[in-house]
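Me: I have a protein model open and would like to learn how to read it. Could you walk me through it step by step?

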Amino acid sequence: MTAQNDLDAGLPIRLLHDRVLVRLEGSEGERRSSAGIVIPATAAVGKRLAWATAVGVGPNVRSIVSGDRVLFDPDDRSEVELHGRGYVLLRERDVHAVAAERVDEGATGLYL
């Protein structure tokens with residue numbers, strides 16, 4: 001391990017602007033339908049959105065807090081590895097929906 005890697009591993013990270021750091025839920029391989037049918041990873045699926053958990057937000061993010069579940073398009077993502085774990089970096093405008101206890105029933109959502 002080089003001195004630069006030692007330095008990177010110990011530094012705190014602050015997200016800037018409207019960035020949201022998320023951790024994907026589940027695996028990207030095979031999945032299971034609600035009826036229990038296993039769908040292989042090789043099965044062709046139309047454009048499918050993905051759920052993830054927000055683990056960090058930038059100072060200009062208005063509608064998401066850490067711990068919220070967010071819905072986004074996995075084709076429009078930037079992946080990053082931090083401390084040996086994979087994450088996805090998004091802009092707030094790339095998030096289609098937020099699922100959280102604090103969301104008001106009458107709220108219209110993000111960028112509708």
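Predicted model: local features only at pLDDT ≥ 70, side-chain atom pairs only at ≥ 80, totals over all residues.

**Reading the model**

Reply: Happy to! The protein averages a pLDDT of 75, and 66% of the residues score at least 70. Over residues 1-8 the pLDDT is below 50, and this stretch has two contacts in the model beyond near neighbours in sequence.

Me: Thanks. Which helices and strands does the protein have, and in what order do they run?

Reply: There are one helix and eight strands. From the N terminus on, the order is α-β-β-β-β-β-β-β-β.

Me: How do I tell which strands are paired, and which way do they run relative to each other?

Reply: Look for bridges between strands. Strand 4 and strand 5 run antiparallel and are joined by four bridges. Within that pair, Trp51 has Leu71 in strand 5 as its bridge partner. Strand 5 and strand 8 are also antiparallel, with four bridges between them. There, Arg69 stands opposite Ala99 of strand 8.

Me: And the side chains on a strand, where do they point?

Reply: The general idea is that in a regular strand the side chains alternate between the two faces of the sheet. For a case to look at here, take Ala54, which lies in strand 4.

Me: Is Ala54 buried or exposed?

Reply: Buried is under 20% relative accessible area. Ala54 has 2%, so Ala54 counts as buried. Leaving out residues up to four places away in sequence, Ala54 touches Val20, Leu21, Val22, Ile64, Val65, Ser66, Gly67 and Asp68.

Me: Which residues touch the most other members of the largest nonpolar core?

Reply: That core has 13 residues, and the ones touching the most other members are Val20, Val22, Ile64, Val70, Phe72, Leu90 and Val95. Strand 1 (19-24), strand 4 (50-57), strand 5 (69-72), strand 7 (85-91) and strand 8 (95-99) each supply at least two residues of the core. Strand 4 gives the most, with three residues.

Me: Can we zoom in on Val20? What is Val20 in contact with?

Reply: Setting aside neighbours within four places in sequence, Val20 is in contact with Leu15, Ala54, Gly56, Val57, Val61, Ile64, Val88, Leu89, Leu90 and Glu92. For the protein as a whole, residues 24 or more positions apart account for 63% of the contacts with a separation of 6 or more.

Me: How much of the protein is buried, and what does the surface look like?

Reply: Of the 112 residues, 22% count as buried. The protein exposes about 8,000 Å², and carbon and sulfur atoms supply 50% of that area.

Me: Let's turn to charges. How many salt bridges are there?

Reply: Side chains of opposite charge can pair when their charged atoms come close. This structure holds one salt bridge. Arg19 forms it with Asp18, and their closest N and O atoms are 2.8 Å apart. Asp18 is buried, at 16% relative accessible area, whereas Arg19 is partly exposed, at 22%.

Me: What about His17, where is that residue placed?

Reply: His17 sits in the loop between helix 1 (3-10) and strand 1. Its relative accessibility is 48%, so His17 counts as partly exposed. Not counting residues up to four places away in sequence, His17 touches Gly58, Pro59, Asn60 and Val61. The C-alpha atoms of His17 and Arg91 are separated by 8.7 Å, although the two residues are 74 residues apart along the chain.

Key: Residues numbered from 1 in each chain as written. Heavy atoms only, no water. Core = buried A, V, L, I, M, F, W, Y, C linked by side-chain atoms within 4.5 Å. Buried < 20%, exposed > 50% of the residue type's maximum accessible area, 1.4 Å probe, protein only. Contact = heavy atoms within 4.5 Å. Areas by Shrake-Rupley, 256 points an atom, 1.4 Å probe, with all protein chains shown as cover. pLDDT = per-residue confidence, 0-100. Pairing = 2+ DSSP bridges. Salt bridge = Lys/Arg side-chain N within 4 Å of Asp/Glu carboxyl O.
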